[in-house]
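Subject: Handover of a structure model and findings

Dear colleague,

Please find the structure below, followed by a written account of what was found in it.

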Amino acid sequence: MAASQPPARRRRRPRRGSIERPVDSRLYRGAYLVLVLPLLIGAFSILRPTALPAPLLPPADSKDATYQLVKTLASTYPDRAPGTSGAIGAATWLTNELKSTGLPVRSDAWSARVPGLGREQLRNIWAIAPGESSDAIVVMAHRDDTGSGPGANDNATGTAELIELAHAYTRPPPGQAAVQATHTLVFLSTDAGVFGGLGALRFAQTSPLRGHVVAVVNLDALGGAGPPRLEIAGDLPHTPDTALVQTAAQRLVEQTGTKPGHPGFFAQLVDLGFPFTLYEQGPFVARGISAVTLTTSGDRPAPEFADSIARLQTKKLAEVGLAAQELLASLDQGLELTHGTTSYIWVGNRMITGWAIELVLIALLVPYLVGVVDLFAFCRRRRIALLPAAQALRSRIVFWLFAGLLFELFRLAGAWPQGAPRPPNPDLPATDRWPVVALIALLALVFTTWLIERRRLRPIAPPDPEEQIAGYAVALLGLGMLALLVVATNPFALIFVLPTLHIWLWLPSLRNRWLPLRLVVFVLGLAGPAIVIASLAWRFGLGLDAPWYLIELITLGYVTLPP
């Protein structure tokens, strides 16, 4: 009879705190207890703002006049791109329309580099209705288009409604007295709106009225096929005053019968972490002026090639126009308008305050920092030298800093797209035209530098386990310092960093595991930075052009060094 075989030994899990498991998972999990207090504080910080009261007088039904203005502008001047004869004609036409109201009309002309067009002469035009207060409410709409279509919806509709709003304060309906404005009302027509909102930026930067503006209502593409929508994102992590947003939403509900759309919770969080908008409220919100856009387009304005007069939704144009009239009247009569902006996320009829969200994001950073500090203490206890790993990391950082310096030198030399620090229109051909020769030259220089420095950048010999742990510890400590810098600049941007931190923290414990598993964990750690690319590709319809568009935002200076 054959002797019985001894039972096979089960593979024992490496001991916690050993070289195979340098990260203490129990300590990491316990650190999540710090989330309890921020979540409780966040729950009690949820606000339900109230809208300003509806105006006493009903809005004037001017849908026929508005539609006729749209037809006149779109058919007479179908190409209103800056620098064209249509742009000059549209500016003259608008000036005459505003003068017919009897209000004083002003203009501001300046020269700017327009993406895809070069340096052009631009002009903002506005009429002022004096009020009892020097505090101003601005209603604006851009009058230009790209020239690929007549721009009937984008933005002859907004321009026509702007004119009709000015008429409402000078030509009351039969049987009604003229409305005396409480605030100073500014009816602003901007130029180069579809070319990055250059006119809005100009007004927000240089207008002598900017210090008195308490609210801005932007009218953009009011007669499209999409549902009514509010855009509130700014060029910085700010959002307009809650009373303005809630009042705009309430007036749209009253006139259209449906709640206006807006970016969802996660999309708003992304917009705070990576401030970006294609609408003209952005420059005002970034400068502490509450501004909101009324539109029927999505995150990305509808392309103009199909923007014809025949496609206009006249019923929706009339409804959104009435809502704009009532919104302006509510703001003018309201006593709760305050200067400045804040930060929050809009969910339903409630607002989650921004500082509470920042507190939760910072608390989510604590478990990672606890794990990294414990890994550092592990190296100290085992007398693992960290200096060689720090020197190796420094060499790699210096290499990539040199690559970034080369990129900046190419920008200063004019090799990359240039223009004002505003998001270029994704529909313009110039957006996806990058100089191939300059790109090849940059890559060749970077590759040549790597060839020269490859002995310092590549390991001389395979590292032993302790050297591997030291490398991971130094890299993770560096990521922790980067996260603290993010907290100091824009805590909302932690949403792009936290996935990377919490996933890559476990790479030291997986370094001897199955190679595909390690690759999967590494790739998953890239999900944080990939959120920005995914947002541009999906929400704004850029697709595979999203990386190039992001780089262009950097070259134009819209995305600055801290982000």
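A141 has its place in strand β4, residues 136–142; helices (H or I, at least four residues) and strands (E, at least two) are DSSP runs, numbered from the N terminus. This is a predicted model, in which local features need pLDDT of at least 70 and side-chain atom pairs count only at pLDDT 80 or more, while totals for chains, interfaces and linings use all residues. Residues are numbered from 1 along each chain as its sequence is written, and side-chain values use heavy atoms, with hydrogens and water left out.

Surroundings of A141

A141 counts as buried because its relative accessibility is 0%; buried means under 20% relative accessible area, exposed over 50%, and partly exposed in between (1.4 Å probe, protein chains only). Leaving aside neighbours within four places in sequence, A141 is in contact with N155, G158, T159, L162, L188, S189, T190, N218 and L219, where contact means heavy atoms within 4.5 Å. One of these residues, T190, lies 49 residues away along the chain, yet the C-alpha atoms of A141 and T190 are separated by 6.2 Å.

The seven-stranded sheet

Strand β4 belongs to an open sheet of seven strands with mixed pairing, in the order β2-β3-β5-β4-β6-β8-β7. The edge strands are β2 (105–114) and β7 (229–231), each of which pairs on one side only. Direction ignored, neighbouring strands of this sheet are turned by 25° against each other on average; axes are lines fitted to C-alpha atoms, for helices over the stretch in contact, and angles run from 0 to 180 degrees between N-to-C directions. Two strands are said to pair if DSSP finds at least two bridges between them.

On one side, β4 pairs with β5 in the parallel sense over seven bridges, and the bridge partner of A141 in β5 is S189. Strand β5 (residues 184–190) is mostly covered, with seven of its seven residues buried. T184, V186, L188 and T190 point one way from β5, whereas L185, F187 and S189 point the other way. β5 is also joined to strand β3 (residues 118–129) by five bridges, and these two strands run antiparallel. Within that pairing, A129 has L185 of β5 as its bridge partner.

Seven of the seven residues of strand β6 (residues 213–219) are buried, so β6 is largely enclosed by the rest of the structure. β6 in turn pairs with strand β8 (residues 291–295), again in the parallel sense, over four bridges; here N218 stands opposite T293 of β8. β7 and β8 run antiparallel and are joined by three bridges, and L230 stands opposite L294 of β8.

The three-stranded sheet

A further open sheet is formed by three strands in the order β1-β10-β9, with antiparallel pairing. β1 (46–47) and β9 (344–347) stand at its edges with a single partner strand each, so one side of each is left without a neighbour in the sheet. β9 and strand β10 (residues 350–353) run antiparallel and are joined by four bridges, and the bridge partner of I345 in β10 is I352. Helix α8 (residues 265–273) packs on this sheet and touches β9 and β10; its direction makes about 160° with that of β9.

Helix α18

Helix α18 (residues 546–556) has A546, Y549, L550, E552, L553, T555 and L556 as its buried residues. The cover over them includes α12 (387–412) and α17 (527–539). Just after α18, G557 takes a positive phi of about 90°.

The chain as a whole

The chain has 18 helices and 10 strands, and its C-alpha trace spans about 110 × 55 × 55 Å along its principal axes. Of its 563 residues, 51% count as buried. Among contacts between residues at least 6 apart in sequence, 81% join residues at least 24 apart. The accessible surface comes to about 26,700 Å², of which 62% belongs to carbon and sulfur atoms; accessible areas come from the Shrake-Rupley method with a 1.4 Å probe, and for residues only the protein chains shown count as cover.

With kind regards
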